[in-house]
Amino acid sequence: MTDIVTGKPDRMVAVRTVFGIDSSLMVPAFSERDDHVPEIDEVYRFNPEVTLAILAGFSRDRRVMVQGLHGTGKSTHIEQVAARLNWPCVRVNLDGHISRLDLVGKDAIVVRDDLQITEFQEGIVPWALQRPVALIFDEYDAGRPDVMFVIQRILERDGKFTLLDQNRVIHPHPYFRMFATTNTVGLGNLNGLYHGTQVLNHAQMDRWNVVATLNYLPRAEEAGIVLARVPELADEAGRALIESMVSVAELTRKGFASGDLSTLMSPRTVINWAENCQIFHDPAMAFRLTFLNKCDEAERSIVAEYFQRCFGTELEAEANVENHAAGIR
Ligand SMILES: Nc1ncnc2c1ncn2[C@@H]1O[C@H](COP(=O)(O)OP(=O)(O)OP(=O)(O)O)[C@@H](O)[C@H]1O
Ligand SMILES: [Mg+2]
């Protein structure tokens, strides 16, 4: 990371006009757009409670975690708030390969005046800490425990950071902000959906000031999001199609909750399905290619039945062959 982010918020914007939320809150924002500011997604629909939680992070320096099932718009929510405030943003995916050295920094060999010298190169944490940047730890519950302890100290309010090898203490920039997204609440993979997640240290969970939850939304809201993403469906037939699609998704979620299914459709899957309908011009085929083929074979007939219930037609082709094959066996 070499490029410098400078500046500070130089104006206040009204939450009501920028996010369309019924609130008289004003929040700080930047006038200039830096390279690190995410692109605005014009059709993004803000969820009031989550947006206000994220805004508390930006305006009041709260450490905000957004937790919820997959594909509900957690990562994009934080980015879209930052995009509207012109707040520079860096997203770190805390997968199992991120090491302490990536976060803190390491000695690297560089060539200067034709000489090879060893120089300390700051990792992402000290780099961001010294700038007006929102650092987003994505997939927070996938981070390895040894890596997570690096973050522990900066989660505190005055969060100074010590670079031990450098004997240097870094004070956070007054407009440094920190966010995280996670699927679990730090208790591990309890529902079987999130293989590879870690049990989080509770002293660390305790340091997040605000935890917002973003799970599956009321159907009207979900249908609104799908329609916003696939505006071609804005006629009567399109709206009816989206209603049916959301109904199938809801049945898979109920089926999952009652133990009939081992997987479920996220809003991301519904958006994908709607987009694939535009490619294949056949909701049933698009459904097979988007979701059914990801399901366990033993569960496909249940999913096909959900489809039949919501669309009033058989899922046809592969699904029938499956059932037939299952019957023969
Ligand atoms: N409110 C919304 N308005 C518009 N699009 C949305 C909304 N919520 C989600 N999406 C779309 O759904 C997709 C999934 O969102 P995102 O990647 O942010 O989910 P996530 O909750 O971070 O998922 P995961 O837990 O798998 O990381 C994105 O393509 C995003 O644009
Ligand atoms: Mg995400």
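**Figure 1. Two domains of the predicted model.** Domain bounds come from an automatic or database domain assignment. This is a predicted model, in which local features need pLDDT of at least 70, side-chain atom pairs count only at pLDDT 80 or more, and totals for chains, interfaces and linings use all residues. Residues are numbered from 1 along each chain as its sequence is written, while chains are lettered from A and ligands numbered from 1 in the order in which they are written. The chain is assigned domain 1 (11–213) and domain 2 (219–328). Their centres, taken over C-alpha atoms, are separated by 34 Å. Eight residues of domain 1 and nine residues of domain 2 make the contact (C-beta atoms, placed from the backbone, within 7 Å). On the domain 1 side, two nonpolar, five polar and one charged residues touch domain 2. Here Ala, Val, Leu, Ile, Met, Phe, Trp, Tyr, Cys and Pro count as nonpolar, Asp, Glu, Lys and Arg as charged, and the others, Gly among them, as polar.

**Figure 2. The shell around ligand 1.** Ligand 1 is surrounded by 18 residues, each with its C-beta atom, placed from the backbone, within 6 Å of the ligand. His-70, Gly-73, Lys-74, Ser-75 and Thr-76 are the closest. Helix H3 (74–85), helix H8 (219–229) and helix H10 (267–280) each give two or more residues. Helices (H or I, at least four residues) and strands (E, at least two) are DSSP runs, numbered from the N terminus. The shell holds six nonpolar, eight polar and four charged residues. Both domain 1 (11–213) and domain 2 (219–328) contribute to it, so ligand 1 lies between them.

**Figure 3. The five-stranded open sheet.** The strand order is E4-E7-E10-E3-E11, with parallel pairing (at least two DSSP bridges between two strands). Strand E4 (89–93) and strand E11 (210–213) are at the edges with a single partner strand each, so one side of each has no neighbour in the sheet. The twist from one strand to the next averages 20°. Four bridges join strand E3 (residues 64–67) to strand E10 (residues 177–182) in the parallel sense. Val-64 is opposite Phe-179 in E10. H3 lies across E3, E4, strand E7 (134–138) and E10, at about 155° to E10. Axes are lines fitted to C-alpha atoms, for helices over the stretch in contact, and angles run from 0 to 180 degrees between N-to-C directions.

**Figure 4. Helix H9 against helix H12.** The axes of H9 (residues 236–257) and H12 (residues 300–311) come within 9 Å and cross at roughly 140°. Among the contact residues are Val-248 and Leu-251 in H9, and Tyr-306 and Phe-307 in H12. The contact divides into eight nonpolar, four polar and one charged residues.

Terms used. Contact = placed C-beta atoms within 7 Å.
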